[in-house]
Amino acid sequence: MFGAAAAAGVVVAAIGLPVVGGGGATVVSATEALNLRQLELVEPPLAQTSVIYDAEGNKIAQFYAQDRKVVTLDQISEVMKTAIISIEDYRFYQHGPIDLEGTARALAKNLVTGRTSQGGSSITQQYVKQVFLNAAATEKEKNKALESSYARKLNELRYAMGVEKKYSKDEILAKYLNIAYFGAGANGIESAARRFFGVPASRLNLAQAATLAGAVQDPNRTDPNRGKAARKLLVDRRNVVLDRMAELAKITPQQAAEAKATKLGYKGVKQPNGCQASKYPYFCEYVRYELLTNPAFGQTQRIRTQRFNQGGMKIHTTLDPTMQAAAEKAIEKHVNASDNALAAEALIQPGTGMIRAMAASRTFGYAAKKNEVSYNPVADKKHGGLLGFQAGSTFKTFTLITALKQGMKVGEGLQVGGSYRAPALSTFKNCAGQGIGDITHSVTNDEGSGGFKTLQTGTWGSVNTFFMALEQRVGLCNTIETAKSLGIKRADGTPLKEFETFTLGTNEMDPVTVANAYAGIAARGKYCAPQAITKITDGSGKSTDYRPSCKQALDPEVADAAANVLSGVFTKGTMRGVGGIGRPAAGKTGTTDQYASAWFAGFTPDLAGAVSIGDPRGSQRYRLSGVTIGGSYYGSVLGASVPGPIWKDTMLAALKNTPSTDFTPINTSRFGGTSTRQTPQDDTPEDLQDIQDQ
């Protein structure tokens, strides 16, 4: 029999000899495979679990590519350290990077059998192998990290020498326990302890520690989730570890017997992963997409994806739990999850762009149930949403602002009819200078006829023909540019549709974008990009703060005048039946053509919000007329029917403990009163007559 002593001689001799053979196994040349110069191991960061926190520091979600939480050696129970060393490398603290005795013993068996049946690897070597396995990006690389060859084994030895020079034994043990896979989806000892037994690694007892120490040999084969057979194998491995610990006098035979008499005790504690498991799935999805798409979190897609997959981040966000609860409760009051119509709401803080709440009437999931959606109805496509809904008359606000920017007074207006049709193709020009006026299509009012309408009365009554004539006067492109300055963009990411009906809200939008645009008005023209993340602490402990990104989009006095006009919507306009919220507020209802969707967007100086409702099966096909929503029948759904009440109930609860703030008064010398000029200066007499006749 080829003994351990002889094998040891082979190992020593192999370092200096070109070729060594035996028992059918061939070792490659010494100059290539047996050159035992130490090499420095590149150690990519371990993939860990990332955690998302709300604005008050409460954990709201976690996600991971690998379920792992790195811990220090003092956070691991002593019995766990003893168990893993006893079964994997009992001379760990005595030998160097190469355990010559263990390697010789394994080599003897391998040479006799003609195959690599026994590893004999030290814990340091096993750590090296795990580093290569975790760094493998392809199946080919993974197979190479696991292949049974002397070349691979000797390559590990070279890197192990570098590791032992760089780290202490304690540091190596901690690294090994944090990188090892234990089965059941648990990577690292902390996650394994929690997944298997529902305790932290610091509280593992003898039987539990022996179980996990036994699992690392073949974690897939002994995975307790695979059933009774695998669990029996795991118990057998546990008992082998206990016997070995007793043999080494690390525990008494009685302790080993008592531990072997216990049941496996596997709990299979589920670890939530991803936004589906979050209490606030839509906000979580927004954060996830931000991390993957926003250059602020990595200059390239590859860097962002790598950082996301590595995890280990503590992500602090803007979500306010009180405001989130207010939005959820208000939606639930007015819309059922089983309704065909879907309501969604976003709340944003003026002056910062911070997203305080994101809520919808359906649950988030992938089961394709009627009351579930697998996308984010509160956000745009870039943040997990889809197409959105046409924003309707909420877009009239941008035409109002454009008129104020051009010097119109709130009491100034136009004479309009009950219908409107573009006088000529050139009446409306898009931002490319192309005439797009539709002389074949007439726009009508939902209620009532025309007459002389001012910026105030036209807005309060949401008069379609007035806003078509007003857009003709101030310019389509000017109106579009006003909207863009407040962050308006289509939910699907395509360019805005620049048609004459832009002011009527024919572009599909999402609540975050609309709420944020209105927040810009509330902040006296200060527009801030939507913000969900305030600080990230990465796996190494490095923290980065993220501040609001803002610009002055509007003249503050123009914004004040717009807020002044929009505040009348509650007392003299389309929301008068719903009423106000007991503090200064402004807003605009939105109802699309033939009731395809309905909106309300409004704000106080402290909080802005937008509510949309539509049928996600196809809003143009499944319109909001003759429908039951929240148990109530609606002949037709207007902005004040469902979205308005949702917004009101949300604001009452969300701002309950916030002192009331007044809007900055309108500059009456600039915008008050009326003007003798009631028509565009550059209108032709024929155009003026067209407007008068409609």
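**Close-up 1. The Cys-275 to Cys-284 disulfide is left-handed, because the torsion about its S-S bond is about -75°.** This view, like those below, comes from a predicted model. The sulfur atoms of Cys-275 and Cys-284 are 2.1 Å apart. Both Cys-275 and Cys-284 are buried. A search of the whole structure finds three disulfides. With the bonded cysteines numbered in sequence order, they pair 1-2, 3-4, 5-6.

**Close-up 2. Cys-431 and Cys-477 form a disulfide.** Their sulfur atoms lie 2.2 Å apart. The S-S torsion is about 110°, so this disulfide is right-handed. Cys-431 sits in the loop between β14 (419-420) and β15 (443-444), and Cys-477 in helix α19 (residues 476-485), so the pair ties together parts 46 residues apart in sequence. Cys-431 is partly exposed, at 31% relative accessible area. Cys-477 is partly exposed too, at 22%.

**Close-up 3. A disulfide joins Cys-528 to Cys-550.** The S to S distance is 2.1 Å. A torsion of about 105° about the S-S bond makes the disulfide right-handed. Cys-528 belongs to strand β18 (residues 526-528) and Cys-550 to strand β21 (residues 550-552), so the link ties together parts 22 residues apart in sequence. Cys-528 is buried, with a relative accessible area of 3%. Cys-550 is partly exposed, with 35%.

**Close-up 4. Lys-588 lies in strand β22 (residues 586-591).** Lys-588 is buried, with a relative accessible area of 0%. Its side chain makes a polar contact of 3.5 Å with the side chain of Thr-589. Beyond four places in sequence, the contacts of Lys-588 include Ser-393, Thr-459, Tyr-518 and Phe-600.

**Close-up 5. Arg-244 lies in helix α11 (residues 228-247).** Leaving aside neighbours within four places in sequence, Arg-244 contacts Ser-86, Ile-87 and Tyr-90.

Methods: Residues numbered from 1 in each chain as written. Predicted model: local features only at pLDDT ≥ 70, side-chain atom pairs only at ≥ 80, totals over all residues. Heavy atoms only, no water. Helix = DSSP H or I, 4+ residues; strand = E, 2+ residues; numbered from the N terminus. Buried < 20%, exposed > 50% of the residue type's maximum accessible area, 1.4 Å probe, protein only. Polar contact = N/O pair within 3.5 Å; in protein donor to acceptor, adjacent residues only side chain to side chain. Contact = heavy atoms within 4.5 Å. Disulfide = S-S within 2.5 Å.
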